[in-house]
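Subject: A structure for you to look at

Hi,

Here is the structure I promised to pass on. Have a look at it, and then read my notes below.

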Amino acid sequence: MDVRNYSLGENNVYIFLSYDGEVALPKTFQATLVFKQPVGPSVRATRYRTYLQKEMTLSTEGSGFFQLGFILPEGEYKVEVELMDVATGKMELLEQGKTFTVDQSREVKTSDIFLSFHGNAKQAFKEPILVSQLPQSDQVLSMYLRIKAPSYDQLTIRATLGIRQDDGAEIQSETVEVFESIHQRNRVVKLQPKAWVVFQDSIDLKGLERGDYLIKILLYNDDNVVAVKESRFRIGGRVQTRIFRDLDTSIRMMQYVAPADELEQILQLGDSMVKRMEFVRAWEKLFRDDPTSQMESYYEKVFEADARFAEKRTPGWLTDRGKVFIQFGEPRIRSVEIEGKTFERWTYVQWSLSFLFENRNHEYVLVE
């Protein structure tokens, strides 16, 4: 699932849903779509109120792609989509983790950036890429942006592609991501008073290494920036470099999939090359068919947990929330306040699991 600002006809927001069916059989889903707005300052919001709720039926045969349009007033929103498989009764909740903003008051209006393997803009706007991680391939990735600016005859567009560097800068205890620009395109776009125009550029994935990428598009009137849009994607993942940079820590991070005594034996090895070989052998023992892919997938979750759930002096992968995230993945999260205390309820519908964390002095402790 993804949500995009995209003005077309009466609609200015679209929810995109992709379903991968194994066989070309009829499939029907009952969908409940909910738009929520933050209560209080959006930056600190932990509670949301329902602004709009709508139910609809989605049908497909085999794989399907759904484009659901809405018209919303200006403001910030979160989106939830609850899907019920009509045939089996199985429920699944999809959530947009971050808020997105609808802003129609600006003099220069733009869509969000659409990424697609379609070279045709019309098709790309109907079926954008919904996943953030792309495979290394020989494909050409296209980016699209729709622009409308009645007050201008033309605007200059600068589109840059940057790859994230491993050593981010530290500012007031927060890590600031650093991207090295590897591709830039400058173009002047002629505008029409009442029409939308499309900016398009392409990226050859064949020449890109694994890593995290940022696309940034700036619109200029002379030297003044009048609009900025960003989009991120990942190719593979620069996981192995991080794994072997601090191998002892990476070995300890295996505690959720391997016995503690086996890990301690590897840690006690004095020869670094032998230790590396035994580490690789441990993953081959765990996953005989595809150990490298499984190892990378596991550490991607560990590193994400480490970045997202760090608390004071406790690394994110060792916190209660980090442990649950590594073992079960992205949850359905509900934040509530009870008698002055803040709680987070993490739910995994597919396994009928639920975890309750209490915020105690900015540390979330598992209490249920």
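The pLDDT falls below 50 over residues 167-175, a stretch that has ten contacts in the model beyond near neighbours in sequence. Where pLDDT is low, the predicted coordinates should not be read in detail.

**Helices 4 and 5**

I began with a helix pair. Helix 4 (residues 260-267) packs against helix 5 (residues 272-286) at an angle of about 155 degrees, and their axes are 9 Å apart. Since angles over 145 degrees count as roughly antiparallel, helix 4 is roughly antiparallel to helix 5. On the helix 4 side, Glu-262, Ile-266 and Leu-267 make the contact. Helix 5 brings Lys-275, Glu-278, Phe-279, Ala-282 and Lys-285 to it. Sorted by type, the residues of this contact are four nonpolar, no polar and four charged.

Next, helix 6 (residues 291-308). Which residues of helix 6 are buried? They are Pro-291, Met-295, Glu-296, Tyr-298, Tyr-299, Val-302, Phe-303 and Ala-305. An α-helix has 3.6 residues a turn, so residues three or four places apart point the same way; keep that in mind when you look down this helix. The cover over the buried residues of helix 6 includes helix 2 (239-245), helix 3 (247-252), helix 5 and helix 7 (320-328).

Helix 7 has buried residues of its own: Arg-321, Gly-322, Val-324, Phe-325 and Ile-326. Among what covers them are helix 6, strand 21 (341-348), strand 22 and strand 23 (363-366). After helix 7 comes Gly-329, with a positive phi near 85 degrees.

Leaving out residues up to four places away in sequence, Arg-321 touches Phe-309, Glu-311, Glu-344, Trp-346, Phe-357 and Tyr-364.

Glu-358 sits in strand 22 (residues 353-360). Glu-358 is buried too, because its relative accessible area is 10%. With residues up to four places away in sequence again set aside, Glu-358 touches Lys-341, Thr-342, Phe-343, Glu-363, Tyr-364, Val-365 and Val-367.

**Two loop residues with positive phi**

Asp-222 has a positive phi, near 60 degrees. You'll find Asp-222 in the loop between strand 18 (211-221) and strand 19 (224-235), and it is exposed, with a relative accessible area of 66%. Asn-361 has a positive phi as well, near 55 degrees. Asn-361 lies in the loop between strand 22 and strand 23 and is exposed at a relative accessible area of 55%.

**Around Leu-155 and Val-108**

Last, a buried pair in contact. Leu-155 is in strand 13 (residues 154-164) and counts as buried at 2% relative accessibility. What does Leu-155 touch, not counting residues up to four places away in sequence? The list is Val-108, Ala-149, Arg-187, Val-188, Val-189, Leu-191, Leu-219, Tyr-220, Asn-221 and Val-226. One of these, Tyr-220, is 65 residues from Leu-155 in sequence, but the two are 5.7 Å apart in space, C-alpha to C-alpha.

Val-108 belongs to the loop between strand 8 (100-102) and strand 9 (109-110). Val-108 is buried, with a relative accessible area of 5%. Apart from residues up to four places away in sequence, Val-108 touches Ile-147, Lys-148, Ala-149, Tyr-152, Leu-155, Leu-219, Val-226 and Ala-227. For a sense of distance, Val-108 and Arg-332 are 224 residues apart in sequence and 36 Å apart in space, C-alpha to C-alpha.

Cheers

Technical notes:
Residues numbered from 1 in each chain as written. Predicted model: local features only at pLDDT ≥ 70, side-chain atom pairs only at ≥ 80, totals over all residues. Heavy atoms only, no water. Helix = DSSP H or I, 4+ residues; strand = E, 2+ residues; numbered from the N terminus. Buried < 20%, exposed > 50% of the residue type's maximum accessible area, 1.4 Å probe, protein only. Contact = heavy atoms within 4.5 Å. pLDDT = per-residue confidence, 0-100. Axes fitted to C-alpha atoms, helices over the stretch in contact; angles between N-to-C directions. Parallel < 35°, antiparallel > 145°, perpendicular 65-115°, else oblique. Nonpolar A, V, L, I, M, F, W, Y, C, P; charged D, E, K, R; others polar.
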